[in-house]
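Thanks for coming. Please have a look at the model on the screen before I start.

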Amino acid sequence: MRKIVEYIFCRDCKKVYFYLHGGPLFTLRNWQEDPFATMLYNEQRNFILVNYPIVYDDGGISDYQFLKEYFWEYKRQHPNTEMVLLGESCGGYLASLFAAEYIFRKIIAISAFTSIAYQELFSSERSWLKDYLSENALDFYTLCRDNKVNTRTIFINGSRDSRVPYQQILALPFMKKFKVNILPGFTHRESGTRLEYVVSLIKQEL
C-alpha cells in the first residue's frame, strides 16, 4: 500500500528532506523502520517518507512517474522551500533519476545502482530486479550519457557490495555535477560502527 508519512518539526523552516526506502517490495510505515529515516528524525529535520508503487514489469517507470508528480506538486505548493532528496538501494536508484529534473537542491544516493544493464549481469539481486524493472526504465548512466544531469548528486557505496557492485559507478563518465564515495570493505547495508560512519557521511552532506 502506497503511503506518504510527514515529520514536520519546524513549520517556519524552509527546508524539507524526502526519503525513498530500499526494497522496493515493502512499505515504510514510520521512521523507526529505517536507519536513515531514524537519522533524519533524531536530527529533528523536516522530512517526508515517500513510498512508491510496487508494479512488476513496470518498476522504474511507474515509480518515477508517481514520484515526479508528487514532487512537482509539492514544489508548486511550497515554492520557497528548499528540497533535498535521499534514497537507499532501489530508492537511491530512483532518487538519482531526479538529477535530470530541476526540483531538488541536492540528491544523496546510498548503495544505489546506476546501471540497470550492469545490475542484470553482475548483481546478486539480478533475478528479481529483471522481473521488477521495466525494459524502458532509465538509469543514471543514461542521464550522464545524454548530458542530462542537472542536480548535484552524491553517491555513497561500499566496495564489497554484491547487491550493487561499485564498478558500475566507476564506469560513469566524469561530470562535475556528481560525487562518488566508495567505502573500502563496506557492504550493502551495514550495522554498528560502520552504519554510524555512513550516517556521519550523510550528515556532512545535509
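This is a predicted model: local features need pLDDT of at least 70, side-chain atom pairs count only at pLDDT 80 or more; totals for chains, interfaces and linings use all residues.

Residues are numbered from 1 along each chain as its sequence is written, and side-chain values use heavy atoms, without hydrogens and water.

First, the sheet. It is open, with 7 strands in the order β1-β3-β2-β4-β5-β6-β7 and mixed pairing. Strands here are DSSP E runs of at least two residues, helices are H or I runs of at least four, and both are numbered from the N terminus. Two strands pair if DSSP finds at least two bridges between them. At the edges are β1 (4-7) and β7 (178-183), each pairing on one side only. Strand β6 (residues 152-158) pairs with β7 in the parallel sense over 6 bridges, and Asn157 stands opposite Ile182 in β7.

Next, the helix pair. The axes of α1 (residues 35-42) and α8 (residues 192-205) come within 11 Å and cross at roughly 55°. Axes are lines fitted to C-alpha atoms, for helices over the stretch in contact, and angles run from 0 to 180 degrees between N-to-C directions. Contact means heavy atoms within 4.5 Å.

Last, which helix holds Phe140? Phe140 lies in α6 (residues 140-145). Phe140 counts as buried because its relative accessibility is 0%; buried means under 20% relative accessible area, exposed over 50%, partly exposed in between, with a 1.4 Å probe and protein chains only. Beyond neighbours within four places in sequence, its contacts include Leu97, Phe155 and Phe178.
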